Amino acid sequence: MEEELLRLQQEACRDLAALHDLNDLEPFRVQYLGRKSEFTGLMRQLGQAAEADRPRLGKLANEIKIDLEKLFAAKKTELEEAARLGLTGAPALDLSLPGRTAPFGKLHPVTQVMEEICAIFEGMGFGVAEGPDVETDFYNFEALNIPKHHPARDMHDTFYVNESLLLRTHTSPMQARIMEKQRPPLRMIAPGKVYRCDSDITHTPMFHQVEGFLVDRKVSFGDLRGILGVFIAKMFDDKTAMRARPSFFPFTEPSAEIDIACVICRGQGCRVCKQTGWLEFLGAGMIDPEVFKQVGYDPEEYSGFAFGLGVERIAMLKYGINDIRLYYENDLRFLAQF
Ligand code: PHE
């Protein structure tokens, strides 16, 4: 009898250890712990054992039964937990798979470069101001010494809204708008969108400029060169040379076109700089006395410089982009590179 009990205990433990599926639990219980199990049969036979052995055998049988019930309960918890985590059967849950991350957006390359330009000038004490895209003929032209029928208007390919309203063709109207409200000393930049009826690989009908100007007593062309030199060193590097070529703008006198040494060939001559070693960088000059008169400044007392730079152009030089239209096709393969 004792041997039978121990053998049954061993078999049950072995079978229980081999269980890997929740569905096999019930057959196991029926076989070893159920009312019709071999074990229950043995318990019933206890009565026929010798009277002296009965208490000992009874105790043993009871211990085995309690033990087995505990092991069975533990196994059941284990399998249920495994099933909950999906560790058994298919489909399995791969806990090592990385989660789905939300894609991050970024600032447009033109915005990035614009912010960089503003930060450099702010670092030199310039304030930032923004003005309207829909501008009056007065601020866009008249106040800047470009009267009606002036040939300089031809350069601008203007989008007119009506007789007196237009989409600003440059950020220079901000010179007049700010000077008219404030007194020198002034140092300001005005970033924003400008519009010209023009479209090819170096022109888009809308592009961005940053206007800059400084007015004070005894401001010279040397100050302009100094400020632009610092700007170019920060935007590119301090080995990038610059030069000024004579030019014409009705609102500056003298006027200059500022070039920088080609950032691709370092001035050696290449396809980008058309073998000249130089790249056109921005328009600038000393603010014309006529503009000062318009805003009520005394040109004998004050002098100042102004410059206007094209943001797309600078970003093209900085990143080696060869077609301006790429900025506005919104192809993420292009935009995500910056
Ligand atoms: N407004 C001029 C342009 O758009 C640039 C410029 C600005 C030139 C300020 C001189 C001074 O071309």
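This is a dialogue on how to read some features of a predicted model.

Reader: What should I know about the numbering and the model before I start?

Author: Residues are numbered from 1 along each chain as its sequence is written, and side-chain values use heavy atoms, with hydrogens and water left out. The model is predicted: local features need pLDDT of at least 70, side-chain atom pairs count only at pLDDT 80 or more, and totals for chains, interfaces and linings use all residues.

Reader: In what order do the strands of the open sheet stand?

Author: Strands of a sheet pair through backbone hydrogen bonds, either parallel or antiparallel. Strands (E, at least two residues) and helices (H or I, at least four) are DSSP runs, numbered from the N terminus, and two strands pair if DSSP finds at least two bridges between them. Here seven strands form an open sheet with mixed pairing, in the order β1-β4-β5-β9-β8-β7-β6. β1 (127-128) and β6 (242-249) are at the edges with a single partner strand each, so one side of each has no neighbour in the sheet. β1 runs parallel to β4 (residues 186-195), joined by two bridges, and Val128 stands opposite Ile189 in β4.

Reader: How many bridges join β5 to β9, and how many join β8 to β9?

Author: Eight bridges join β5 to β9, and these strands are antiparallel; the bridge partner of Val215 in β9 is Gly304. Five bridges join β8 to β9, also antiparallel, with Ala284 opposite Phe307.

Reader: Why is β9 described as largely enclosed?

Author: Buried means under 20% relative accessible area, exposed over 50%, and partly exposed in between (1.4 Å probe, protein chains only). Eight of the eight residues of β9 are buried, so the rest of the structure largely encloses this strand. Both faces are covered: Ser303, Phe305, Phe307 and Leu309 are buried on one side, and Gly304, Ala306, Gly308 and Gly310 on the other.

Reader: Which residues touch the most other members of the largest nonpolar core?

Author: A nonpolar core is a set of buried Ala, Val, Leu, Ile, Met, Phe, Trp, Tyr and Cys residues joined through side-chain atoms within 4.5 Å. The largest has 47 residues, and Ile117, Phe121, Phe231, Phe281, Phe307 and Ile314 touch the most other members. Elements that each supply at least two residues include α5 (109-123), β5 (206-216) and α8 (221-235). α5 gives the most, seven residues. A second, separate core of 23 residues includes Met174, Met188, Phe251 and Tyr302.

Reader: Where is His170 found, and is His170 buried or exposed?

Author: His170 is in the loop between β3 (165-167) and α7 (173-181). With 4% relative accessibility, His170 counts as buried. A polar contact is a pair of N or O atoms within 3.5 Å; within protein, one must be able to donate a hydrogen and the other to accept it, and residues adjacent in sequence count only if both atoms are side-chain atoms. A polar side-chain atom of His170 lies 3.1 Å from the backbone oxygen of Asn140.

Reader: Which residues come nearest to the ligand?

Author: Of the 14 residues around the ligand, His170, Ser172, Arg196, Gln209 and Gly308 come nearest. A polar side-chain atom of His170 is 3.0 Å from a nitrogen atom of the ligand. For Ser172, a side-chain N or O atom is 2.8 Å from a ligand nitrogen atom. A polar side-chain atom of Gln209 lies 3.0 Å from a ligand oxygen atom.

Notes. Near = heavy atom within 4 Å.
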